[in-house]
Amino acid sequence: MDYLISEGYPSAAQKFASEANIHPTSGVNSIQERIEVREAIHSGDIQNAIERINELNPLLLERDHSLHFALLRCQLVEMIRKCPLHSDDPEPAINFAEKELAPRAPTNPQFLHELECTMTLLIYEHDKLPSDLATMLEPAFRKDLAQRVNEALLKEQGERTKAKLFDLVRLRAWSEHKAREAKKDIPEHLSLGLERMPTGRGKEPMHSNGEGEAMVA
C-alpha cells in the first residue's frame, strides 16, 4: 500500500484497500493533489505548482528554503526557455531573477552558483548549450524537481517518502550477493515471486499500473 501511495497510483491503491479489506490511509486522499502538482511541474507551469503546494501545505516552502529556491530557479529556466537570444524578451526573466532569486542567493553558496549557471542560459542559443547547461532544459530537470516536491509533501504528511518495497528489494539483492560470495548453493536465477497469482472468487487480478496514473515513472 505504501508503494502505491508514495509513487502515486490512486486507482490501484483504492482497489488494493478494497480487496484487502483495509482502511486507506490519509495518504490515499492526497495522491490526486500530488499528481496535480507533479503535472504542473512536468508541463513547466511552476507558478501553478507553487500555488498548489501552498494550498496543500502553506508552511512547506517557508521552512524548506532549498526546495523553494529550486522551484523559483525552475520557473526562471522556463521563462528563459521561452525567449530567443538577442531579443527584448529576456527582460522579464532578468527582472524575475533580480526580484525572487537574487535576494536569496547570498544566503547559500549553492544558491549563488545555481543562479549564475541559470543566468548563463541567456548567453547561448539553446541548441548550442554546453552539456552541463543543456541539462536544465531537458525533461529530467523538471522530473527530478517533481520527485523532490513529492517526497517533501509526503514527509510533511507523515508518510514514507520511499516505499518499503524498495528497501526489501535492496535487502534481497544484498543477501543474494553475499550468499554467492560465500559460495552457497543457490539457483542461478531467483524468482522475486511476482508472477501472477490466481485470485479466486472470480475476481480479476489487480493491475499494478492503477490505470496509468503513476506520479513518477
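These are my notebook entries on what I looked up in this predicted model.

**Ground rules**

I number residues from 1 along each chain as its sequence is written. Since this is a predicted model, local features need pLDDT of at least 70 and side-chain atom pairs count only at pLDDT 80 or more, while totals for chains, interfaces and linings use all residues; side-chain values use heavy atoms, with hydrogens and water left out.

**Confidence**

I checked pLDDT (the predictor's confidence in each residue, from 0 to 100). The mean for the protein is 78, and 65% of its residues reach 70 or more. Over residues 196–217 the pLDDT is below 50. I still find 41 contacts (heavy atoms within 4.5 Å) for that stretch in the model, beyond near neighbours in sequence.

**Overall layout**

Which elements does the protein have, helices or strands? I get eleven helices and zero strands, taking both as DSSP runs numbered from the N terminus (helices are H or I, at least four residues; strands are E, at least two). From the N terminus on, then, my list of elements reads α-α-α-α-α-α-α-α-α-α-α.

Next I looked at burial (buried is under 20% relative accessible area, exposed over 50%, partly exposed in between, with a 1.4 Å probe and protein chains only). Of the 217 residues, 35% count as buried. The protein exposes about 13600 Å², an area that comes from the Shrake-Rupley method with a 1.4 Å probe, where for residues only the protein chains shown count as cover.

Leaving aside neighbours within four places in sequence, Ile-41 is in contact with Ile-46, Ala-49, Leu-71, Arg-142, Leu-145, Ala-146 and Val-149.

In helix H4 (residues 46–56), I find Ile-46, Ala-49, Ile-50 and Ile-53 buried. Why do they sit on the same side of H4? They do because they cover an arc of only 100 degrees around the axis, the arc being that of the directions from the helix axis to the C-beta atoms. An α-helix has 3.6 residues a turn, so residues three or four places apart point the same way.

For H8, the buried residues are Phe-111, Glu-114, Leu-115 and Thr-118. These cover an arc of only 100 degrees around the axis too, which puts them on the same side of H8. What covers them includes H6 and H7.

Gln-110 also lies in helix H8, but is partly exposed at 43% relative accessible area. I read 9.4 Å between the C-alpha atoms of Gln-110 and Ser-66, which are 44 residues apart along the chain.

**Cysteines**

How many disulfides are there? I searched the whole structure and got zero, a disulfide being a pair of cysteine sulfur atoms within 2.5 Å. Cys-74 is buried, with a relative accessible area of 0%, whereas Cys-117 is partly exposed at 22%.

**Two more residues**

Glu-156 is in helix H10 and is partly exposed at 35%. Its contacts, leaving aside neighbours within four places in sequence, are Asn-57, Leu-60 and Arg-63. Glu-156 and Asn-57 are 99 residues apart in sequence, but 8.1 Å apart in space, C-alpha to C-alpha.

Ile-186 is in the segment after helix H11 (164–181), and is partly exposed at 26%. Neighbours within four places aside, Ile-186 is in contact with Glu-176, Ala-179 and Arg-180. For Ile-186 and Glu-176, ten residues apart along the chain, I noted a C-alpha separation of 8.7 Å.
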